[in-house]
Amino acid sequence: MIWKLRDLINHCNSCHTEIDGKWVPARPISPGILSRFRASICVLVGKADTFSWPKQ
């Protein structure tokens with residue numbers, strides 16, 4: 001899934017989960033394989049960046 005920065009910030013501010021006693025932004029449900037493939041192509045050609053979720 002490709003996020004716009006504003007949407008990612010809004011999601012992180014509104015959806016949390018508790019992991020090891022700490023509240024962290026909740027990772028959204030992963031999209032289908034085709035959507036993930038398209039997103040990876042965008043990363044490879046420099047049109048998108050990656051992000052690592054806490055505790056993942």
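Here is the run-down, starting with the overall picture and then going topic by topic.

This is a predicted model, in which local features need pLDDT of at least 70, side-chain atom pairs count only at pLDDT 80 or more, and totals for chains, interfaces and linings use all residues. Residues are numbered from 1 along each chain as its sequence is written, and side-chain values use heavy atoms, with hydrogens and water left out. The chain holds 2 helices and 2 strands, in the order α-β-β-α from the N terminus on. Helices (H or I, at least four residues) and strands (E, at least two) are DSSP runs, numbered from the N terminus.

**The chain as a whole**

- The C-alpha trace spans about 40 × 20 × 15 Å along its principal axes.
- Of the 56 residues, 14% count as buried; that word means under 20% relative accessible area, with exposed over 50% and partly exposed in between (1.4 Å probe, protein chains only).
- Take the contacts (heavy atoms within 4.5 Å) with a separation of 6 or more: residues 24 or more positions apart account for 49% of them.

- Helix α1 covers residues 5-14, and its buried residues are Leu8, His11 and Cys12.
- As a reminder, an α-helix has 3.6 residues a turn, so residues three or four places apart point the same way.
- What do the buried residues of α1 pack against? Their partners are β1 (16-19) and β2 (22-25).
- On the face turned away from the buried side, α1 carries the exposed residues Arg6, Asn13 and Ser14.
- Histidine 11, in helix α1, is buried, with a relative accessible area of 14%. Leaving aside residues up to four places away in sequence, histidine 11 touches Trp3, Ala26, Pro28 and Trp53.
- Isoleucine 9 also belongs to helix α1, but with 43% relative accessible area isoleucine 9 counts as partly exposed. Isoleucine 9 and proline 25 are 16 residues apart in sequence, and their C-alpha atoms are 9.7 Å apart in space.

- Looking across the pair, threonine 17 stands opposite valine 24 in β2, and isoleucine 19 stands opposite lysine 22 in β2.
- The hairpin has 2 residues between the strands. Aspartate 20 is found in this loop between β1 and β2, and is exposed at 65% relative accessibility.
- Check the backbone of aspartate 20: its phi is near 55°, a positive value in a residue other than glycine.

**Helix α2**

- Helix α2 (residues 33-44) has 12 residues and reaches 16 Å from its first C-alpha to its last, close to the 16 Å expected at 1.5 Å a residue. The expected span is 1.5 Å times one less than the number of residues.
- After α2 comes glycine 46, with a positive phi near 85°.

**Cysteines**

- How many disulfides does a search of the whole structure find? The search turns up 0, where a disulfide is a pair of cysteine sulfur atoms within 2.5 Å.
- Cysteine 12 is in no disulfide, and the nearest cysteine sulfur, that of cysteine 15, is 8.6 Å away. Cysteine 12 is buried, at 15% relative accessible area.
- Cysteine 42 is in no disulfide either, with the nearest cysteine sulfur, that of cysteine 12, 20 Å away. Cysteine 42 is partly exposed, at 22% relative accessibility.

Methods: Pairing = 2+ DSSP bridges.
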